[in-house]
Structure formats: structure tokens, C-alpha cells
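Welcome! Please take a look at the sequence and the structure below, and then we can walk through a few parts together.

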Amino acid sequence: MEILERRAALTGIGQSEVGRRLGRDPLELTLDACLAAIADAGLSPREIDGLSTYPGGMGGAPGFTGAGVTDVHDALRLELNWYTGGIERPGQLGAVIDACAAVATGLATHVLCFRSVWEGTAQGKGGRAGIGVGDGGGRGLRAAGAMMELTLPFRAYSAANWIAMNAQRHFHEYGTTREQLAWIAINARRNAAGNPNAIYRDPLSLDDYLSARLVSTPFCLYDCDVPCDGATAMIVSRADRARDLRRPPLRVEAVGSALRGRPSWDQFDDLTTMALRDAAKMLWERTDLRPADVDVAELYDGFSFIALAWLEALGFCGVGEGGPFVDGGARIARDGEIPINTNGGQLSGGRLHGFGFLHEACVQLWGEGGARQVPGDPRVAVAAAGGGPLGGCLLLARE
Amino acid sequence: MADLPFRVLPRVTRANEHFWRGGAEGRLQFLRCTKCGTWIHPPSPVCPTCYAKELEVAAVSGLATVATFTLNHQPWVPAPDHPYAIAIVELDEQRGLRLMTNIVNCPAESVHIGMRVHVVFEQREDVWIPLFEPAVES
């Protein structure tokens, strides 16, 4: 069986200004990122014939999406052969996985992929919004659909509550502790110091972490990512058309898009993990590379525990061993066994929602991380995004 | 009622009213397949095990075990009772028959995985929210 995604390559990346509350037009941020990615690949907008995004134009939580397919298509007057936007897919990076499939099957040659958020500005100066309490309950509207109807009436207003229950179960079965989990957050903050675009760059100590206010046990403030404004984009090209472009192409070695358990925050068979278990398993089913071959891993940390779950699922440590593995931070540091979240992740870098991880994987493979560059000329990277019922990942290799 | 915390209420439909209104008679109800006996949650028109459509509404004992939980401290909405306990409980009737809920009528700090609990209903308008409290088992 040919692994068709190897016909796809990452050829360019772009990012807008990123900030806590920029107060800028989210479409303008989106277009800044898109045009930067197109130029980075050495292409012009006329050569873009595919467009893909997550979650697309929709309602939902304030600032959750800054632009949909139609917005970008029309703003850049693109001439498209293939396009898609939507939320029912294997996590945020599902939009990129779809783009790989599109170029592999010849439906498109150069696909512009983007994700845009403006949650920082949209949520204003108040506390972080809970799902369904902004527009919903307060006005007497009722929750509908399994996800909302079976969570909100139980005052579980946020993924912070839902994922905290996965973490709690992991703590129970494997003896994981807050003192261990803390290192996901501390590592992210250390790396953010080397990222000029990161939101929080001041040092974070274990004491700071342990004395922070609790959000939803076992999570404290520093286990939760930080809403921000910003857009991220990348170009997925046909590998056979990528070689003449500006950069050395980053071949897509394998993708993981599986969800074999139930698609639910609370009904998944193993409460110590989530959909990402299946996506990670599929990734390794499609390549001869092994976890030990990976030089850098950018792992979704919407909540700290999700990154720990990705570490286990991707086989960087054993199932249940994530706590001891990250304890002390040495193994996951920039010069460690498997450097993770080299740009500060979403915990310190800002909640760019999935695409930031793939962007950073490319930065590292192209050797442009500057102060945060992983040493040793990394050639293989994994980018993974999503928690709960969302999970998708890509393994990239520089030729 | 004035001291009860705010709740977003569910939209009741033909498909889910057995679940949200069974509490009026003190019954926690789910769909059950009459062919193979599988309990189904959330409701679906087809049995996920044998794909039969011959489903009935049936009551469970209301006994369950806390599979996991979290104590919510974050004031998503103002409430008099932070932290409060959100849990996923597994009903005695079937492995994997789970429900997100709140554990009530006990100190939040006493909630733990493996805790035995029993359903108790809180009426809000036209729905009966299934919550769980510590079980008294002989």
C-alpha cells in the first residue's frame, strides 16, 4: 500500500501578529498570515488552487473563528479547484490532513491552510468564558445536542472541566501528580522566553505553579492555555511540485486521523486518554520511523494534561508513565530526549488552536528557531493537535 | 429554589424526554435494546450493538460508581457553592453506561473515584436533572 500522504509536503508558513488582545480585524490577521505563508513558499496567490481551514465560518464561542473559507477565498480572489472548512474532523490539524489528501489525489497543487482566532479580544477584560453561559443560559436558551445537553446542565461549562476529569482518572490509575504535570507548563514557559511572539515570557517556577489558583481540580491556572488573537497559515504542496519552491520541502511522512473509540468527551472507553490515542496509533501504522527517530515534538497543550497524553500516545514514554517522564523537565527540554512545545505551546505562547504546533514544527525543521532552536539539526518532527474527541497528527521529515 | 445554583437546562425532545423527565416518577431512564439488552446513552434510534430498532425505555437502579470527577473552582457564572463536584459516574447496570453529573449532598472534598453513589433528582421547570449523592448500601 502506498502511503499517499507522502505525495504531500509543507512548503511555506506564515503567522500574523499574535497578542493577548490586539483589537484588530480578525480577517486582516487571517490575511496577514495567509499572504505571509504564500510568500514564504515562493508562490503568488494566483498559484493557490486549494483552501482548507478549521473550523470555518460559524457561530460558536466569541472569537473562536476569525474567518472562514469564503472570507479568504473572496478577499484574495483565489481561483480554487478544491476547498473545505469545517469542525467535524480529526482535530484542528484535520484541515491540513485533508489538504494532504487533496494534493496526493491531484485535486489541488498548492493548498493554503489557515486557522484564525481572536478569543482574547472577543472575551474582553472579564474572566475566560464558559461554554453556553455567554449567550445561552443567561437568556433562558436551552442546551441542545449531546455535547452541550449532557454537560452544561451539570455546570460543566468548559473543556477545563471535561479534560480535568481525564487527568484525575490518570492520576488515580497511574499515580500522576500535580508536581509532575507542572513541568509541562514550566517547560512551555522556559521555551516561550525564546519566542518573541509568545504571550507569557517571564519565568514560571514550580512554586508559582503550585500556589496558583485552582480552576478545576487537578488543574490550576497554569494548566490552561491563554486566549489570544492571531492567525497561522501554511502551504501544503504536491511533493513533485515542491522542489522548485523557495524552501527545502518538508515531506509528510505519515498522518494520524483515526478515532476508533466513541466520539465524546465523557463516553470514550478509556478515561485516562482520549481520541488522540487512536490518531497517534494510526500515525505509527503508516511509517517505519519510530518515536526514537523524532527530533522534536509539538504537542497540543490546550490543557497541560493533553500534552502528557500525547507524549504517551505517541510512544515517547509508556502508557501511564507520562508523569515520571516529564518530572523535572529534563527529558522534554530543548536539549532533552524529546524536546516539546519549543515555542511555548498554547500555555505560554497563546491559544492559536492547533496550527501553532505545526507552524513551530516547520520552524524547527527549517532551523529558524533562533534562541529556541533545538540543537543538532532536527530532521523529523511530529505536530499533534486536539484533545477530548478531537485528535490529529502529522509526522514531517526534511529531505 | 432561590439558593439553588444556576443551571443551563436541556432542550427536551421526543428522543430525550424519557431521560430528562423520568425523575418526575423518581426513575432514571435510558433506552434499552429489547433484542440484545444493551443500554444506550445518549439516546439513538438504533442499537449500537446489534443495530435493532426495537428499543424500550427502561429504568435503572440508580446505583453508580464515580469513574472520575473534578472540583470546579472557576466562577464561570456566579454561584454560592464553589467548589462544586462534577463527575462521570458509571451505572451498575452496564460497563461503560456513563453519565456526566454532579455529586451533591456531601462535602465536595469527600468525592473520590470509586465512591458509591445513588441518583437524586433536582427539578427545574419541566426537567428533572439526575444528580448523585453518596449511596447508603446495606
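**A guided walk through two chains**

In S3(B), Gln29(B) has Ala59(B) as its bridge partner. Before going further, note that this is a predicted model, in which local features need pLDDT of at least 70, side-chain atom pairs count only at pLDDT 80 or more, and totals for chains, interfaces and linings use all residues. Residues are numbered from 1 along each chain as its sequence is written, while chains are lettered from A and ligands numbered from 1 in the order in which they are written.

Back to chain B: five bridges join strand S1 (residues 29-33) to S3(B), and the two run antiparallel. Strands here are DSSP runs (E, at least two residues), as are helices (H or I, at least four), numbered from the N terminus; two strands pair if DSSP finds at least two bridges between them. Three strands of chain B make an open sheet in the order S2-S1-S3, with antiparallel pairing. Strand S2 (39-40) and strand S3 (55-59) of chain B are its edges, each pairing on one side only. Strands of a sheet pair through backbone hydrogen bonds, either parallel or antiparallel.

Now turn to chain A and its strand S11 (residues 392-398). Seven of its seven residues are buried (20 or more other C-beta atoms within 10 Å of a residue's own, with C-beta atoms placed from the backbone). One side of S11(A) holds Gly392(A), Leu394(A), Leu396(A) and Arg398(A), the other Cys393(A), Leu395(A) and Ala397(A), and both faces are covered. Strand S8 (residues 250-256) of chain A runs antiparallel to S11(A), joined by six bridges; Leu250(A) is partnered with Arg398(A). Strand S10 (residues 380-385) of chain A also pairs with S11(A) in the antiparallel sense, over six bridges, and Ala384(A) has Cys393(A) as its bridge partner. S10(A) and S11(A) form a hairpin with six residues between them, and Gly386(A) in the turn has a positive phi of about 115 degrees.

Finally, where do the chains meet? In all, 36 residues of chain A are in contact with 29 residues of chain B (C-beta atoms, placed from the backbone, within 7 Å). Helix H5 (146-149), helix H6 (159-174) and strand S5 (214-216) of chain A each give two or more residues to the side that touches chain B. The largest share, seven residues, comes from H6(A).

Note on methods. Contact = placed C-beta atoms within 7 Å. Buried ≥ 20, exposed ≤ 12 C-beta atoms within 10 Å, placed from the backbone.
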